[in-house]
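Please consult the sequence and the structure shown below while reading.

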Amino acid sequence: MDWWWVYLAIGLAVGFLAGLLGIGGGMVMVPMLVFVFTAKGFPVEHMMHLALATALATIAFTSLSSVRAHHRHGGVDWAVARTMAPGILAGSLAAALGAGFIPTRPLAIFFTGFMFYAAAQMFVEIKPRSGRQLPGSAGLFAAGAGIGAISSVLAAGGAFLSIPFLAWCNLPLKRAIGTAAANGFPIAVAGTVGYVLQGSRVPDLPQWSLGYVYLPALLLIVAASMPVAPLGARLAHRLPVKRLRVVFALMLFALGLRMLANLW
């Protein structure tokens, strides 16, 4: 617990940025946790798994407040969310279980590649365009499974995949954002369960770990991030958010490169 103040600082930063820029915390949290876990001397071969699992577990808590806010404004298409949920649960759980067999370095490269994609998307501010209608139950199950699997390996709530997909399928953008927020909870829960189960077979994890989830970091990050997210959301209407998104995208590039250097 000698690093308690660092976990609180990560929680404050992630919560504030999530509220201000509307981004998921995993892309920022995972590199930061890798830096801390490296300094603490955690096993290198489990570093990415610990960071991904802990970050994903925080999303299980923080996504609830986001869903409530969108639901109050009628922004969630619950019919679509419920239809996608079984695929999301299956994809997230399977990917988390599979990630336990992937060594740290390939997992870090995969994560960084998508991190760069998210940064580029933010940098050029790509806006999805509608192109077709929503698929049937089988199509939504398949889309949910794919979104859940990728998001589980990236410790993300899936919004960067769900929103473009739903908007492309002619769901109004505000409802696409709210529905993507609702998708984040099953992604986080199923992915966390997978990382806990997979980590339970590993004998040399740090003390206070539940599978691959490092509990001290989880509790302190959640405690710090949830109160400051609304503050970031309020400031979003007063600060030059477009300029801040460009700065944040550049920061993501730098964090990704630094994390790879740490694990190489």
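This is a predicted model: local features need pLDDT of at least 70, side-chain atom pairs count only at pLDDT 80 or more; totals for chains, interfaces and linings use all residues.

## Two buried serines

S92 belongs to helix α4, which covers residues 78-99. Its relative accessibility is 0%, so S92 counts as buried. A polar atom of the S92 side chain lies 2.8 Å from the backbone oxygen of I88. When neighbours within four places in sequence are left aside, S92 is in contact with G148, A149, S152, P186, I187, A190 and G191.

S162 is part of helix α7, residues 159-168. This serine has a relative accessible area of 0% and is therefore buried, since the limit for that class is under 20%. With neighbours within four places in sequence again set aside, the residues in contact with S162 are I147, A180 and N183.

## A nonpolar patch on the surface

Which residues form the nonpolar patch on the surface? They are L64, L93, L97, F185, V189, V193 and L197, and together they have about 490 Å² of accessible area. Two elements, α4 and α8 (173-199), each give two or more residues to this patch. The largest share, 4 residues, comes from α8.

One of the patch members, L97, is found in helix α4, the helix that also holds S92. L97 has 30% relative accessibility and so counts as partly exposed, whereas S92 is buried at 0%.

## Loop residues with positive phi

Most residues other than glycine have a negative phi. N170 is not a glycine, yet its phi is positive, at about 70 degrees. N170 is placed in the loop between α7 and α8. Is N170 buried, partly exposed or exposed? Its relative accessibility is 36%, so N170 counts as partly exposed.

W208 is likewise not a glycine and has a positive phi of about 70 degrees. The location of W208 is the loop between α8 and β1, the latter comprising residues 209-210. With a relative accessible area of 58%, W208 is exposed, because that class begins over 50%.

## Summary by element

Helix α4 carries the buried S92 and the partly exposed L97. Helix α7 carries the buried S162. Helix α8 supplies 4 residues of the nonpolar patch; the loop between α7 and α8 holds N170, and the loop between α8 and β1 holds W208.

Definitions and conventions:
Residues are numbered from 1 along each chain as its sequence is written. Side-chain values use heavy atoms; hydrogens and water are left out. Buried means under 20% relative accessible area, exposed over 50%, partly exposed in between (1.4 Å probe, protein chains only). Contact means heavy atoms within 4.5 Å. A polar contact is a pair of N or O atoms within 3.5 Å; within protein, one must be able to donate a hydrogen and the other to accept it, and residues adjacent in sequence count only if both atoms are side-chain atoms. Patches are made of residues with over 30% relative accessible area and no salt bridge: like charges are joined within 9 Å, nonpolar side chains (Val, Leu, Ile, Met, Phe, Trp, Tyr) within 5 Å. Accessible areas come from the Shrake-Rupley method with a 1.4 Å probe; for residues, only the protein chains shown count as cover. A salt bridge is a side-chain nitrogen of Lys or Arg within 4 Å of a carboxyl oxygen of Asp or Glu.
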